[in-house]
Amino acid sequence: MTHRRPAACDLIAAGLLLILVLSACASATPTSPPLDPEVLATQAVATLFTGMTQTIQAIPPTPSPTATTIRTPPALPGVYLGTGYLNPLDVPRAYIGDTCQYLRDRWTSTNAAPGTVVMVIMFHSIITDGGTPTDYNQIEEGRFQTLMRDLHEQDFVAIDTQQLADFLDFNAFIPPRSVLLVVDDRHYSEYFDRFFRPYYNEWGWPVVNSWISAQDSIGAASLPENVALFQEGWVDYQAHGVVHNIPISDFVDEDYMISELQGAMDLITANFGRAPIAYIWPGGGFTPRAAELARQSGYRLGFTINPRGPLMYNWVPLADAGDPMRPSYLPEGAVADPRMVLPRFWAPDADLQIDTVRLIGQEASALAEANRSVELEYYDIVCAPTYGPLP
Ligand SMILES: [Zn+2]
């Protein structure tokens, strides 16, 4: 059907061109018999419409659609792999099993745009007063401030864990460059006041407090002030074990795993009045069984200490094998649930990764745009009959 219109347009264009050419000839050749431009134009238009009529008549009647019409869906294009930006052993994993649901959430116009990236950054100690960091867990205060400024200047916006969970599960809208700031290991409220409150005041940025639930001397001392901080609404309390100091591994039994996972869920719910949705694996320790138990306890997200790359919707870079160059990062491949073993960047290194994260988002966005029509055609043929048209 649609080829009629371009043919007609071509004829109109050709007709107008003919008028112009004939008019030009008329004025450029004074020795020829005088030609009336108006007559020429009329003739040209008449020729044009004759052509159109012939064209229209030449098209055989289109058969009306019947129930037996079968449209063959196109093959879906490959996914973005982050080649050149990720470590070769770190490969993005998809986790949405239902292709139609994935395409629907990916292309719903009110959801996050394809190429939306999240950088998750892990913080521990921030060293003040000219002190020098003594291990890779620490970052000097000036460098911390530079990191925060650079993130803001590169249009990153901090989100909380609820926003991240909704983004990863349903592609819910978040800013195209998002960052989740996660502070491990239970600090006094003074820490948040000094280091993170300025960014909350200035930009409205939340921060995650990865909370150890043991009611030991530190826990008992810091709980009331942390509850007060929680009630302000900008510090997001998530679970970081109860005992914490014994990481989950193949060397601990299932009872211990449950007491850490379910125990942290119960204690945070009791102490703060809201259930956590994320589990930050203490010491970066997890097992496939522990990841299952975390799901069963009601967690929607889990975080390791492995700096593999940023997160995108249905796109989590993980490794199948240990890397001799980075022996402390446990491979996550055996865990069947990528959202339970999400990577995090380390604070001292994060500033150097901002550009990479930005470029990954840009490339993923460009590839999605290039593949858009094929993916939408697939959705229209395969998915729309059951999932409905894209909103
Ligand atoms: Zn910890």
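Helix 4 passes helix 11 in a left-handed crossing, where left-handed says that the near helix is turned anticlockwise from the far one by less than a right angle, and right-handed that it is turned clockwise. Helices here (H or I, at least four residues), like strands (E, at least two), are DSSP runs numbered from the N terminus. The model is a predicted one, so local features need pLDDT of at least 70, side-chain atom pairs count only at pLDDT 80 or more, and totals for chains, interfaces and linings use all residues. Residues are numbered from 1 along each chain as its sequence is written.

Back to the pair of helices. Helix 4 covers residues 141-153 and helix 11 covers residues 347-387; their axes come within 9 Å and cross at roughly 15 degrees. Axes are lines fitted to C-alpha atoms, for helices over the stretch in contact, with angles running from 0 to 180 degrees between N-to-C directions. Helix 4 and helix 11 are therefore roughly parallel to each other (under 35 degrees is roughly parallel, over 145 roughly antiparallel, 65 to 115 roughly perpendicular, the rest oblique). On the helix 4 side, Thr146, Leu147, Asp150 and Leu151 meet Ala350, Asp351 and Ile354 of helix 11; contact is taken as C-beta atoms, placed from the backbone, lying within 7 Å. By class, this contact of helix 4 with helix 11 has four nonpolar, one polar and two charged residues. Nonpolar covers Ala, Val, Leu, Ile, Met, Phe, Trp, Tyr, Cys and Pro, charged covers Asp, Glu, Lys and Arg, and the others, Gly among them, are polar.

Setting aside neighbours within four places in sequence, alanine 350 is in contact with Ile121, Leu147 and Phe345. Alanine 350 and methionine 148 are 202 residues apart in sequence, yet their C-alpha atoms are 10.0 Å apart. Aspartate 349 also lies in helix 11, but with 13 C-beta neighbours inside 10 Å it counts as partly exposed.

Helix 11 has another partner to look at. Its axis and that of helix 3 (residues 99-107) come within 10 Å and cross at roughly 115 degrees, and the two are therefore roughly perpendicular to each other. This crossing, too, is left-handed. The contact of helix 3 with helix 11 divides into nine nonpolar, no polar and two charged residues.

Now for the loops. Most residues other than glycine have a negative phi. Aspartate 155 has a positive one, near 70 degrees; it sits in the loop between helix 4 and strand 5 (157-158) and, with 10 C-beta neighbours inside 10 Å, counts as exposed. Aspartate 185 has a positive phi near 80 degrees, and its place is the loop between strand 6 (177-184) and helix 6 (189-195).

As for the whole chain, there are eleven helices and twelve strands, and 34% of the 391 residues count as buried. The mean pLDDT (the predictor's confidence in each residue, from 0 to 100) is 86, and 83% of residues reach 70 or more. Over residues 1-35 the pLDDT is below 50.

Conventions
Two residues are in contact if their C-beta atoms, placed from the backbone, lie within 7 Å. A residue is buried if 20 or more other C-beta atoms lie within 10 Å of its own, exposed if 12 or fewer, and partly exposed in between; C-beta atoms are placed from the backbone.
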